[in-house]
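Take a guided look at the model below.

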Amino acid sequence: MLTLKPLKNIKDLPKIEELINISQSIAMIEAILMPEWEFRYFSFNKNWDNNQYMASLRDGEGSHYYILFNINSKIDETDIECLGKIYDKDSLVNDDIQNLIKPIDDFKLFLDEVAFENDDATLYFYFNHHKNVWEAIPFEKNIPFLGVFKYREEAYIPWAEQYYEISIEKDIIKEFFEFKPLTQKMVSKLNSKLTIEDVLEDIYEIGYPYHIK
């Protein structure tokens with residue numbers, strides 16, 4: 001099975017707002033390619049909690065990531081805090097990782113969330129507003145699963161074509177990563193069996209823009 005292209009360095013992640021849009025785009029693509037939620041890799045919930053979004057990946061074999069976006073941060077109401085964790089079952093796990101994270105106040109809410117499976121963690125990452133840079137604990141290179149946020153369709157298409165056993169046009173995936181409003185034409189190019197009305201519930205949960213004529 002082809003794995004998703006890793007991210008060379010955590011500092012290569014885009015700005016938070018762009019990370020949100022890419023997360024929404026992938027989740028929308030997946031909702032169209034795979035109507036059954038439990039078989040999707042990528043998901044996004046714009047209504048996770050009050051002023052919180054949550055992006056996730058589950059590979060069905062135990063590996064996963066969770067990314068929490070706090071829209072109203074203590075820094076400034078226009079800023080967004082972003083915290084995330086990755087668990088890669090094929091990577092070595094730092095047994096002391098929880099002790100490394102606990103002193104960071106911003107992670108308390110994240111660590112208290114049972115749904116994020118914090119007992120299994122390869123690394124945590126967050127955006128440091130004071131330094132204006134992404135940081136990871138522990139620091140690693142070639143971070144699994146996150147390459148799609150930098151390489152976008154170049155990373156997503158080869159993996160998706162193998163996983164879903166279909167051929168996917170680069171141009172249609174590019175439209176999603178450009179965050180163009182969803183139309184029936186876009187839906188049909190990915191899944192000819194669906195209408196845009198079929199994915200309205202997913203659209204609302206993901207928060208992806210759409211247009212119905």
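Glu178 has a relative accessibility of 42% and therefore counts as partly exposed; the class covers values between buried (under 20% relative accessible area) and exposed (over 50%), with a 1.4 Å probe and protein chains only. Its salt-bridge partner is Lys180, with the closest N and O atoms 3.4 Å apart. A salt bridge here is a side-chain nitrogen of Lys or Arg within 4 Å of a carboxyl oxygen of Asp or Glu. Lys180 is partly exposed too, at 37%.

A word on the source. This is a predicted model, in which local features need pLDDT of at least 70 and side-chain atom pairs count only at pLDDT 80 or more, while totals for chains, interfaces and linings use all residues. Residues are numbered from 1 along each chain as its sequence is written, and side-chain values use heavy atoms, with hydrogens and water left out.

How many salt bridges does the rule give? The count comes to 8. Side chains of opposite charge can pair when their charged atoms come close. Glu61, Lys89 and Asp90 are linked in a network of such bridges. Lys89 reaches Glu61 with the closest N and O atoms 3.7 Å apart. Lys89 sits in the loop between S4 and helix H2 (97–101), and Glu61 in the loop between strand S2 (52–58) and strand S3 (64–70), so the pair ties together parts 28 residues apart in sequence. Helices (H or I, at least four residues) and strands (E, at least two) are DSSP runs, numbered from the N terminus. Lys89 also bridges to Asp90, at 3.4 Å between the closest N and O atoms. Lys89 is partly exposed at 34%. Glu61 is exposed at 57%, and Asp90 is exposed at 64%.

Now turn to strand S4 itself. Cys82 lies in this strand, which spans residues 81–87. Its relative accessible area is 1%, so Cys82 is buried. What is Cys82 in contact with, leaving aside neighbours within four places in sequence? Its partners are Ile16, Leu19, Ile67, Leu68, Phe69, Phe125, Tyr126, Phe127 and Trp134. Contact means heavy atoms within 4.5 Å. By C-alpha atoms, Cys82 and Leu194 are separated by 33 Å, and they are 112 residues apart along the chain.

Next comes helix H5, residues 153–164. Its buried residues are Glu153, Ala155, Tyr156, Ile157, Trp159, Ala160 and Tyr164. They pack against helix H1 (16–33), strand S1 (42–49), helix H4 (148–151) and helix H6 (170–177). Glu153 is buried yet has no salt bridge. The nearest side chain of opposite charge is Lys170, 5.1 Å away; Lys and Arg count as positive, Asp and Glu as negative, and His and the chain ends are not counted. Beyond its neighbours within four places in sequence, Glu153 is in contact with Pro158, Lys170, Ile173, Lys174 and Phe177. Just after H5, Glu165 takes a positive phi of about 55°.

Tyr204, Tyr210 and Ile212 make a nonpolar patch of about 290 Å². Patches join residues with over 30% relative accessible area and no salt bridge: like charges within 9 Å, nonpolar side chains (Val, Leu, Ile, Met, Phe, Trp, Tyr) within 5 Å. Accessible areas come from the Shrake-Rupley method with a 1.4 Å probe, and for residues only the protein chains shown count as cover. Ile212 is in the segment after helix H8 (200–206). Its relative accessibility is 37%, so Ile212 counts as partly exposed.
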